[in-house]
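Here are some questions from a first look at a structure.

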Amino acid sequence: MKNQPVIEIKNLYKSFGQTRVLNDFNLTLFKGENLVLMGKSGSGKSVLIKCLVGLMDFDKGSIKVLGKDISNIKQSELDELRTDIGFLFQGSALYDSMTVRENLEFPLRRHQNDSESKTKARVEEALENVGLPQTIDLMPAELSGGMQRRIALARALILKPKIIIYDEPTTGLDPITAKEIILLMMNIQKKYATSSLIITHDVDCARVISNRMILLLDGKDYIQGTFNELALSEDPKIKAFFK
Ligand SMILES: Nc1ncnc2c1ncn2[C@@H]1O[C@H](COP(=O)(O)OP(=O)(O)O)[C@@H](O)[C@H]1O
Ligand SMILES: [Mg+2]
């Protein structure tokens with residue numbers, strides 16, 4: 001049970017013209033773990049995520065999500081699989097013209113056929129989870145950056161995804177707010193036993209949250225290991241990330 005993979009990426013290749021972005025990249029996310037993916041900007045992290053959720057084709061290799069080979073499934077199966085994956089995009093990406101409640105209802109109305117009372121209860125639970133029940137009728141513009149990020153997290157979790165992908169969850173936040181978001185991510189992970197893939201440059205975030213790490217470098221999974229194993233490496237290319 002412990003070592004059940006939920007995402008398996010094997011020997012992945014992706015080029016744009018002459019530029020090879022992914023060059024034999026491998027990653028396995030196991031059930032219940034927090035895996036941190038680090039890589040410089042432009043190293044292919046977003047390309048990888050797009051391949052992973054079927055938004056971009058890749059040249060070679062294989063990707064399995066929850067046991068399904070994503071290059072060999074129907075569009076309807078892919079759509080269903082996507083509801084098992086929650087995203088926290090870089091920035092909060094809330095809908096500006098909708099209240100907090102409407103932002104949270106959005107994925108439910110799209111993917112679920114719940115009664116009004118159940119929808120209301122799920123929105124309230126999601127807000128409780130991020131400690132912001134009092135914001136339910138506010139507009140995003142009335143919230144601080146940290147609060148917006150927490151609402152975005154609540155929205156990413158509202159469909160109770162099995163996997164959650166965080167793209168730079170602490171970027172752009174002050175250190176105290178960043179720490180709050182990390183604690184929240186850890187609590188949520190404990191409460192719902194989600195499996196998380198966390199893309200971050202934030203060494204403090206990686207130290208606190210990661211069970212395991214992968215460095216994306218030269219298109220490869222250059223090194224995989226625990227935070228300490230990576231941080232103690234003598235390889236200058238690896239050391240550069242921990243300065
Ligand atoms: N649709 C595209 N067409 C051509 N080049 C792309 C495309 N998407 C990404 N790239 C290139 O792939 C590389 C990796 O980009 P990206 O995955 O966005 O990096 P990051 O690690 O910062 O998320 C960059 O050199 C980028 O210019
Ligand atoms: Mg990116």
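Q: Why is Lys162 called partly exposed?
A: The relative accessible area of Lys162 is 46%. Buried means under 20% relative accessible area, exposed means over 50%, and partly exposed lies in between (1.4 Å probe, protein chains only). Lys162 therefore counts as partly exposed. The model is a predicted one, in which local features need pLDDT of at least 70, side-chain atom pairs count only at pLDDT 80 or more, and totals for chains, interfaces and linings use all residues. Residues are numbered from 1 along each chain as its sequence is written, chains are lettered from A and ligands numbered from 1 in the order in which they are written, and side-chain values use heavy atoms, with hydrogens and water left out.

Q: What makes the contact of Lys162 with Asp84 a salt bridge?
A: The closest N and O atoms of Lys162 and Asp84 are 3.3 Å apart. A salt bridge is a side-chain nitrogen of Lys or Arg within 4 Å of a carboxyl oxygen of Asp or Glu, so the pair qualifies. The two residues belong to distant parts of the chain, 78 residues apart: Lys162 is in the loop between helix H5 (145–157) and E7, and Asp84 is in the loop between H2 and E6. Helices (H or I, at least four residues) and strands (E, at least two) are DSSP runs, numbered from the N terminus.

Q: Is Asp84 buried or exposed?
A: Asp84 has 18% relative accessibility, so Asp84 counts as buried.

Q: What are the accessibilities of Glu234 and Lys239?
A: Glu234, with a relative accessible area of 63%, is exposed, while Lys239, at 39%, counts as partly exposed. The side chains of Glu234 and Lys239 form a salt bridge, 3.3 Å from N to O.

Q: How many salt bridges does the rule give?
A: The count comes to 15. Glu105, Arg109 and Glu116 are linked in a network of them.

Q: Why do strands E2 and E5 count as edges?
A: Strand E2 (19–30) and strand E5 (68–69) each have a single partner strand, so one side of each has no neighbour in the sheet. The sheet is open, with four strands in the order E2-E1-E4-E5 and antiparallel pairing.

Q: What makes E1 and E4 a pair?
A: Strands pair if DSSP finds at least two bridges between them. Five bridges join E1 (residues 5–16) to E4 (residues 60–65), so the two strands pair. Within this pair, Glu8 has Lys64 in E4 as its bridge partner.

Q: What is the order of the sheet of six strands?
A: The order is E6-E7-E8-E3-E9-E10, an open sheet with mixed pairing. Strand E6 (85–88) and strand E10 (220–225) stand at its edges.

Q: Which residues touch the most other members of the largest nonpolar core?
A: They are Met38, Leu104, Ile151, Leu153, Met213 and Phe242, in a core of 44 residues. Such a core is a set of buried Ala, Val, Leu, Ile, Met, Phe, Trp, Tyr and Cys residues joined through side-chain atoms within 4.5 Å.
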